[in-house]
Amino acid sequence: MKIIGTGSALPRKTVSNDDLSQFLDTSDEWITTRTGIKTRQIITDERFEDLAIEAARRALEASHLDPKDIDYIVTSNVGNSYVTPSVSSLVQGALGCSCPTMDINSACAGFIYGMDLVESFMQSGRATNVLLLAAEAVTRFVDWTMRETCVLFGDGAGAVVAQKSDNLLGMKLTSIPLPEVIWYQRPLEHTPFETGTGVDTHHPMTLKGREVFRMAVTSASHDLKEVVEKAGLELDQVDHFVLHQANKRIIDAIQENLGLPAKKFHSNICKRGNTSSASVPILLDELVRDGVIHDGEIVAFSAFGAGFVTGTCVMRW
Ligand code: ACO
């Protein structure tokens, strides 16, 4: 696959660390030094699905394809307003595409898992052009009284149009069953058959930050090396690293482990916060529209998330 169009969309409201400290026992100093985040965009009255549709529309426009040229729509999403139908179905209806649709949930690594899925559709001859999105509204399911989680997140959507080609040079996905490091159990409807002795049906978003931090740095440093080497490249041949934006210190630690120049490790977390699986395609769209990535350059992607899952890949632009 190669990427022939990118797009993104963000909520209108920007929330600063000082805004958060009005109602939480936190400070700009704590959030900035621990995470690198200064502001984030948060959904207020917008419909979450409209962000996904707008990001998809922009990616489609940039690709110069017609909606009818799209063979599949895949969206990575952790939680949204509709449990069903899928975000992909809503996007399809709005754009006027006539193709199969599906959503996937591989937490914050979902965009890379989506790239793997799209590549296999293309390799099997079942698709030539695929619209791949990641759309997230994490701020609608964090507990806004829990300072250790809610300050980290923002909302948004990113999309790409991928086309069949041999530009994807390597891919590695991993999953270790460690549900306790990041989890959220949404409230469920009650039934007349409950006995009241079952497990709680709701649990706020909880994360073991230090454990996640350590696993993220270790796995990304290792997997980036492995994927790049297996693709027959040297690490210093990679021109751009587009990593999940969970914490600027995680990105800096990976850069230091790999011993490469900081300017290759792009970041927008200071403005966007952690937008879960949307962070990689939102950052990618900003880089493409700013003219940072050029034809023929090597771009490496890596993301991690609840599971604990990781996804890493390298492609020629
Ligand atoms: N404001 C002020 N103080 C806070 C806040 C806050 N918002 N949040 C926590 N604290 C306090 C804690 O209560 C603790 O106080 P104590 O020492 O008195 O007990 C102190 O700050 C240190 O807390 P830690 O959790 O140890 O802080 P740490 O330096 O590990 O940073 C963080 C936390 C930012 C979450 C970091 O561990 C991290 O980035 N982890 C990995 C990424 C991650 O988990 N992202 C979440 C999303 S999941 C995903 O993207 C896949």
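Visitor: How many salt bridges does a search of the whole structure find?
Guide: Bear in mind that this is a predicted model. A search of the whole structure gives 12 salt bridges. One of them pairs the side chains of Asp 28 and Lys 38, with 3.2 Å from N to O; Asp 28 sits in helix α2, while Lys 38 belongs to the loop between α2 and β3, so that the two are 10 residues apart.

Visitor: How is the protein chain divided into domains?
Guide: The division gives domain 1, covering 2–165, and domain 2, covering 170–316. Their C-alpha centres lie 14 Å apart, and the contact between them draws 49 residues from domain 1 and 42 residues from domain 2.

Visitor: And what area is buried between domain 1 and domain 2?
Guide: About 3400 Å² is buried between domain 1 and domain 2, and carbon and sulfur atoms give 67% of that area. On the domain 1 side, the residues that lose the most area to domain 2 are Cys 108, Ile 112 and Tyr 113, which together make up 18% of what that side buries.

Visitor: Which elements of domain 1 give two or more residues to the side that touches domain 2?
Guide: They include the strands β1 (2–9), β3 (39–42), β6 (129–137) and β7 (155–163), along with the helices α2 (28–35), α3 (48–63) and α5 (110–123). By class, that side of domain 1 has 24 nonpolar, 16 polar and 9 charged residues.

Visitor: Switching to the ligand, which residues are closest?
Guide: The ligand is surrounded by 25 residues, and the closest are Thr 26, Arg 34, Gly 209, Asn 247 and Asn 274. An N or O atom in the side chain of Asn 274 is 2.7 Å from an oxygen atom of the ligand.

Visitor: What about His 244 and Arg 147, where do they come in?
Guide: A polar side-chain atom of His 244 lies 2.9 Å from an oxygen atom of the ligand. With Arg 147 the backbone is involved, as one of its N or O atoms there lies 3.0 Å from a nitrogen atom of the ligand.

Visitor: Last topic, backbone geometry: which peptide bond has omega near 5 degrees?
Guide: That is the cis bond from Thr 84 to Pro 85, and Pro 85 lies in the loop between β4 (72–76) and α4 (87–95). Another cis peptide bond joins Gly 307 and Phe 308, with omega about 20 degrees, and Phe 308 is in the loop between β12 (298–305) and β13 (309–316). Most peptide bonds are trans, and most residues other than glycine have a negative phi.

Visitor: And what is phi of His 64?
Guide: Phi of His 64 is near 60 degrees, which is a positive value in a residue other than glycine. His 64 lies in the loop between α3 and β4.

Key: Residues are numbered from 1 along each chain as its sequence is written. This is a predicted model: local features need pLDDT of at least 70, side-chain atom pairs count only at pLDDT 80 or more; totals for chains, interfaces and linings use all residues. Side-chain values use heavy atoms; hydrogens and water are left out. Domain bounds come from an automatic or database domain assignment. Contact means heavy atoms within 4.5 Å. Buried area is the accessible area (1.4 Å probe) that two parts lose on being put together, summed over both. Helices (H or I, at least four residues) and strands (E, at least two) are DSSP runs, numbered from the N terminus. Ala, Val, Leu, Ile, Met, Phe, Trp, Tyr, Cys and Pro count as nonpolar, Asp, Glu, Lys and Arg as charged, and the others, Gly among them, as polar. A residue is near a molecule or strand if one of its heavy atoms lies within 4 Å of it. A polar contact is a pair of N or O atoms within 3.5 Å; within protein, one must be able to donate a hydrogen and the other to accept it, and residues adjacent in sequence count only if both atoms are side-chain atoms. A salt bridge is a side-chain nitrogen of Lys or Arg within 4 Å of a carboxyl oxygen of Asp or Glu.
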